[in-house]
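Here is a brisk report on one protein model. It covers charged side chains, a strand residue and some backbone features.

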Amino acid sequence: MARKTADIATQHPDHTGKPTNGGRHDREVLVAFLERPDEMEQQATAIRQAILNESAGPAEVADVDLDGLSADEGRVLQRLHLRRERDPKLRRKVIEAYKRRHGVVACEACGFDFQRVYGDRGADYIECHHRTPLHVSGPTRPRPEDLMLLCSNCHRMIHRSSPWLSPDELISLINLHRP
């Protein structure tokens, strides 16, 4: 804590010595202290009190990162974009075949079953993932074995960053971190 305090202090305009390297947010913290000294003093007092008072829980200390946070949302935007064509009949057939084989519709990576968790609302709800991405294969006539049933979370994890995970890599990742 003393090191961080020194990093912030060396950013002060009245500091005459050599500034420390510090972090990228040190200047922002200093500006907040200089522009809103009363508010910062209250925050510092609350932090000190929470440290001294063993019974103080996290709910008793204001979250300075969220305090007063808001953003404009809800405007209607028009977007034009390209999307690859999908055949909903093929998806339906893959789901039906999986259900005949396994008795339920569940994620092939993690086993999540929407119907077990959400009741009838979740019946036969699942996403269908191309084992070979369409941007790699181009236009194609996929067969049921070219597709994989994934829950929304697993599907997002595959596509979260480039390069995309293969289904086998995702399953390995799940198995590595599963308790």
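Asp87 is partly exposed, at 41% relative accessible area. The cut-offs are under 20% for buried, over 50% for exposed, and partly exposed in between, with a 1.4 Å probe and protein chains only. Asp87 sits in the loop between helix H3 (37-52) and H4. Helices (H or I, at least four residues) and strands (E, at least two) are DSSP runs, numbered from the N terminus. Asp87 and Arg141 lie 54 residues apart in sequence, and their C-alpha atoms are 9.7 Å apart in space.

The model is predicted: local features need pLDDT of at least 70, side-chain atom pairs count only at pLDDT 80 or more, and totals for chains, interfaces and linings use all residues. Residues are numbered from 1 along each chain as its sequence is written, and side-chain values use heavy atoms, with hydrogens and water left out.

**Salt bridges**

Side chains of opposite charge can pair when their charged atoms come close. Here a salt bridge is a side-chain nitrogen of Lys or Arg within 4 Å of a carboxyl oxygen of Asp or Glu. The count comes to 5 salt bridges.

Arg131 is partly exposed at 36% relative accessibility. Glu108 is partly exposed too, at 29%.

Salt bridges that share partners join Arg143, Glu145 and Asp146 into one network. Arg143 is partly exposed, with a relative accessible area of 48%.

Arg36 is partly exposed at 37%.

**A positive patch**

Lys89, Arg91, Arg92 and Lys93 gather in a surface patch of positive charge. Patches take residues with over 30% relative accessible area and no salt bridge; like charges are joined within 9 Å, and nonpolar side chains (Val, Leu, Ile, Met, Phe, Trp, Tyr) within 5 Å. Lys89 belongs to helix H4 (residues 88-102). Lys89 is exposed, at 51% relative accessible area.

**His130 in the strand**

Is His130 buried or exposed? His130 counts as buried, at 14% relative accessibility. His130 is part of strand E1 (residues 127-130). Leaving out residues up to four places away in sequence, His130 touches Arg86, Pro142, Asp146 and Leu147. Contact means heavy atoms within 4.5 Å.

**Backbone and loops**

Ser162 and Pro163 are joined by a cis peptide bond, with omega about 0°. Pro163 lies in the loop between helix H7 (152-158) and helix H8 (167-177).

Asp124 has phi near 60°, a positive value in a residue other than glycine. Asp124 is in the loop between H5 and E1. Asp124 counts as partly exposed, at 34% relative accessibility.

Leu82 is in the loop between H3 and H4. Leu82 is exposed, at 86% relative accessibility. Leu82 and Ile174 are 92 residues apart in sequence and 32 Å apart in space, C-alpha to C-alpha.

Conventions: Areas by Shrake-Rupley, 256 points an atom, 1.4 Å probe, with all protein chains shown as cover. Lys, Arg positive; Asp, Glu negative; His and termini not counted. Charge placed at Lys NZ, Arg CZ, Asp CG, Glu CD.
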